[in-house]
Amino acid sequence: QTREHFTTMVKLSVEVLRYLTKDDFRTLVAVEMGMKNHDLVPTVLVNSLSNLKFGGTHKSLRTLHKNKLIYHESKPYDGFRLTYAGYDYLVLKTMSLRNTVSGVGTQIGVGKESDIYLVINEAQEQMVIKFQRLGRTSFRTIKKNRDYLQHRKSASWLYFSRLAAFKEFSYMSVLYQRGFPVPKPIDHNRHAIVMQLIVGHPMAQVREIVNVRKVYRACMDLIVKLANYGLIHGDFNEFNLLISDDEEITMIDFPQMVSTDHINAEEYFDRDVQCIVTFFAKRFSYHSSYIPRLHIDTHREVDLDKEIEASGFSKELSNQFDELYAEQKKCVTSEEEDEEDDDEAGESIEEEENVAKTVETTEGAAEESAEETAQPVSEPVSEPVSEPQVTEKEKETEEVVEKLADLSLATETPTEKKEQTPEEDAEKTEEQQREEALKKREAEIQRQKYLQKRVQAKIAHGEKRRRCVKNEYKNREKRALKSEARDCLDTH
């Protein structure tokens, strides 16, 4: 129940914000600080961190809990947890002190990972604030998955939402400075980003375009330009593209952006391209021969990935965020994938059994025929001799022999075609050479994927052993906290 309460849909209401006191925000910050090392912050720790006198902490906790800014839990010990609503209030308070945001408007967008609202500043200029909601759909199944936090003690989705916002703000700032069609980044705090308001519509909602060829070419050129600068969007589709009345494209949302040096860079690049090709084919019935490839149509000019790393979003943070994002995707589709894997496993097992049966029958038939030929001629039997009948085993052996004959013919024919003169080798077109290069690249990718799966299987086996040890440490920590709470109660 606590997990479901924490991850429910968050509806931002700022009516209570003006009535909260400095002590309330001090207590809210104390809970936030305690969640760095605790999934459930003990009440004693909140009291010591806030350092309020005359029972001010308990009064503020009651006010915050009444307005659903924190969540209270009494088992295994008495403590509080920060909710997304409380985290939003901390962001808005900080933005108002910076004079970045002075008012909050209506909600203009909602998704699995973020909520978007209209805001204004003191000059009455409209902007957009984006709150990251990472873990909203997959928090319930976190216990079934591995411990990706490693050195951290709590699975705080608030921390990773903050990390996601930092990543997006870093990418948006660098891309905007390089002239890419992205919103202008204005400010960033915790799990929220304030950016420029783009007048347009999501491409997924557009039904008609005047110049389809121009828009298609602009999308493909944008993918290629990102690759030339050392980046791949990773989620380039109609839902993350805005189109204006002048049919100008603006790119939004960078949750999966990776470097072209990534091991699966070509796969991500092809996926982005295929999303655009499929969308234009289905929505506008437009088919184009221009389908770029990563290692053929792109030439790296600038290392933007290194500039982003220098801006503060290091490789360690990037790897940590990528692990979390992959974990969330696995959680969302875990049941579907399990069902598909079971079906595929069943089909593969049936195929293997059928092949084994056919091999056994052919071997058995061959042995029987050999025994029959080796047996001496016996005397005639008194019983009436029936007409010879073709058994199923003999039919299967004949079919196998025919297939083997066909295979032998097929293997003989290429030997005749292999004899080519140097002139014929020189007449190979560029398209054939390109296809050969692509086939080699695909074979290399398949080999790398196989090695990845082997490594992941070893890691998963080691993680099972770590969980057992970690559970023991958790139980010891809970007992220590309970004893500390009892001692505090006894002293009071």
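Colleague: Which residues is Thr27 in contact with, leaving aside its neighbours within four places in sequence?

Modeller: This is a predicted model, in which local features need pLDDT of at least 70 and side-chain atom pairs count only at pLDDT 80 or more, whereas totals for chains, interfaces and linings use all residues. Residues are numbered from 1 along each chain as its sequence is written, and side-chain values use heavy atoms, with hydrogens and water left out. Thr27 is found in helix 2, residues 22-34; helices (H or I, at least four residues) and strands (E, at least two) are DSSP runs, numbered from the N terminus. Taking contact to mean heavy atoms within 4.5 Å, and setting aside neighbours within four places in sequence, Thr27 is in contact with Val46, Ser50, Leu52, Thr57, Ser60, Leu61 and Leu64.

Colleague: Does Thr27 count as buried or exposed?

Modeller: The classes rest on relative accessible area, with buried meaning under 20%, exposed over 50% and partly exposed in between (1.4 Å probe, protein chains only). Because the relative accessibility of Thr27 is 0%, this residue counts as buried.

Colleague: Where does His233 lie, and which residue's backbone oxygen lies 2.9 Å from a polar atom of its side chain?

Modeller: His233 is in the loop between strand 10 (231-232) and strand 11 (241-243), and its relative accessible area of 2% makes it buried. Beyond residues up to four places away in sequence, His233 touches several others, among them Leu226, Asn240, Met251 and Asp272. A polar contact is a pair of N or O atoms within 3.5 Å; within protein, one must be able to donate a hydrogen and the other to accept it, and residues adjacent in sequence count only if both atoms are side-chain atoms. A polar atom of the His233 side chain lies 3.0 Å from the backbone nitrogen of Asp235, and the backbone oxygen found 2.9 Å from a polar atom of that side chain belongs to Asp253.

Colleague: Which strands form the edges of the open sheet of five strands?

Modeller: The strand order of this open sheet is 4-5-6-8-7, with antiparallel pairing, two strands being paired if DSSP finds at least two bridges between them. Strand 4 and strand 5 (residues 114-120), for example, pair over five bridges, and Val104 stands opposite Val119 in strand 5. Each edge strand pairs on one side only, and the two are strand 4 (103-110) and strand 7 (185-189).

Colleague: At about what angle does helix 6 run to strand 7?

Modeller: Helix 6 (residues 157-177) lies across strand 6 (126-132), strand 7 and strand 8 (192-196). Axes are lines fitted to C-alpha atoms, for helices over the stretch in contact, and angles run from 0 to 180 degrees between N-to-C directions. On that scale, helix 6 runs to strand 7 at about 160 degrees.

Colleague: How far apart are the closest N and O atoms in the salt bridge of Glu32 with Arg190?

Modeller: A salt bridge is a side-chain nitrogen of Lys or Arg within 4 Å of a carboxyl oxygen of Asp or Glu, and the structure holds 17 of them. Glu32 is buried, with a relative accessible area of 12%, and it forms a salt bridge with Arg162 in which the closest N and O atoms are 3.9 Å apart. Arg190, at 14% relative accessibility, also counts as buried. For Glu32 and Arg190, the distance between the closest N and O atoms is 2.9 Å.

Colleague: How many residues apart in sequence are the parts that Asp261 and Arg300 tie together?

Modeller: The side chains of Asp261 and Arg300 meet in a salt bridge, 3.1 Å from N to O. Asp261 counts as exposed at 58% relative accessibility, while Arg300, at 34%, counts as partly exposed. Because Asp261 lies in the loop between strand 13 (258-259) and helix 8, and Arg300 in the loop between helix 9 (294-297) and helix 10, the pair ties together parts whose separation in sequence is 39 residues.
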